Amino acid sequence: REAPLPLPSASARTAGVANRRAPERHGLSLDFYGKTCPAVDHIVANVTTERFRDHPAAGPAVLRLFHHDCFVEGCDASILIAPAGKAAGEKVERDMEENRNLPQYGFETVEMAKAAVESKCPGVVSCADILALAARDAVQLAGGPYYAVKKGRKDSKVSLAGKVRGSLPHANSTVDELLRVFAAKGLGAADLVALSGAHTIGFAHCAHFLGRLYDFRGTRRPDPFMDARLVKALRMTCPYTGGSARAVVPFDVSTPFQFDHAYYANLQARLGVLGSDQALFLDARTRPLVLELGADKARFFRAFVASMDRMGSIRVKKGKKGEVRKICSHHL
Ligand code: HEM
Ligand SMILES: [Ca+2]
Ligand SMILES: [Ca+2]
């Protein structure tokens, strides 16, 4: 079978991976599976390419999954552990409100990629690494940059609901709160603005921005920093009461399936959907970054790749501190 992805040029392959020859901070490396599973990138890409073509919603779902994994206890596939259900047992990360509506599409895609990898290199490649690769594919297949993914993460031995609270940003977080949540992961304002650009693809449920449409901070008026036409359009999908809990709207009103820098132009035009998105343009600390990335797609791509590399390195587990699961939703 042919390689499903256009082969990246040498420069694209190394884009954003600074100091390749310098020792890696977290012991991750590009050729971690060089001897044990050299084709891992391609095996995963075979699955993701087909999957994202048949189910475009799976792409953003996987990208978001990676974010929710890395921000809670590091990039260790802790998010993938399935809830035990009513049969008692400890509550896992997915039992928490923040993770409740993560789409099944995302989890399925990772399981499918994992199964394909297991059939070629059994017991070798962690679910955490497969999630990192699949997230990269989601970006590239939507028209975003290709970047090399460092590997060597181990999977967690636990997934604890209690670790979620306070670790993830919220739709109504202020810039102060966003900066604090990111700083706790070793990420700065530049990372916050670049990674928020992931909202150039994907969808949001009404509950995350309903207040902005009808009752902004108790004023009973819409958020003055949302374009009146967008307020009107979003109200169609999201009535104040009696709407469907399942209804979603695209984050990016102009190119919802295209991984581009339109997100930042939208923020400048008051077309941000979440309060946390729009706030990046309203705050003096992050506004210059929004302008910078909005002006230049190549610059956004470089910044995004560099920040994904940093996010993908959060608290990586090595050696006996972790496991390599066979099925990503279950511990060994
Ligand atoms: C900066 C703080 C962030 C906040 C407050 C935030 C919040 C949200 C919210 C509320 C949703 C909608 C979920 C739903 O209704 O189903 C969402 C979706 C999404 N987020 Fe974020 N997010 C943030 C950062 C990130 C980062 C760092 C990434 C990845 C690099 C990311 C990728 C995504 C994607 C791709 C979706 C769409 C998911 C889908 O369509 O299934 N977000 N985010
Ligand atoms: Ca995790
Ligand atoms: Ca877009």
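Visitor: So a crossing is left-handed if the near helix is turned anticlockwise from the far one by less than a right angle, and right-handed if clockwise. Which is it for α2 and α6?

Guide: Right-handed. This is a predicted model, where local features need pLDDT of at least 70 and side-chain atom pairs 80 or more, while totals for chains, interfaces and linings use all residues. Residues are numbered from 1 along each chain as written, with chains lettered from A and ligands numbered from 1 in written order.

Visitor: At what angle do α2 and α6 pack?

Guide: About 50°, with the axes of α2 (residues 40–54) and α6 (residues 127–141) 9 Å apart. Axes are fitted to C-alpha atoms over the stretch in contact, and angles run from 0 to 180 degrees between N-to-C directions.

Visitor: Which residues make the contact?

Guide: From α2, they include Val44, Ala45 and Phe52; from α6, Ile130, Leu133 and Leu141 are among them. Contact means C-beta atoms, placed from the backbone, within 7 Å.

Visitor: New topic: how many helices and strands does the protein have?

Guide: 14 helices and 2 strands, counted as DSSP runs (H or I, at least four residues; E, at least two), numbered from the N terminus.

Visitor: And how many residues are buried?

Guide: 44% of the 332, buried meaning 20 or more other C-beta atoms within 10 Å of the residue's own.

Visitor: What are the dimensions of the box?

Guide: Along the principal axes, the C-alpha atoms fill roughly 60 × 50 × 35 Å.

Notes
Two residues are in contact if their C-beta atoms, placed from the backbone, lie within 7 Å. A residue is buried if 20 or more other C-beta atoms lie within 10 Å of its own, exposed if 12 or fewer, and partly exposed in between; C-beta atoms are placed from the backbone.
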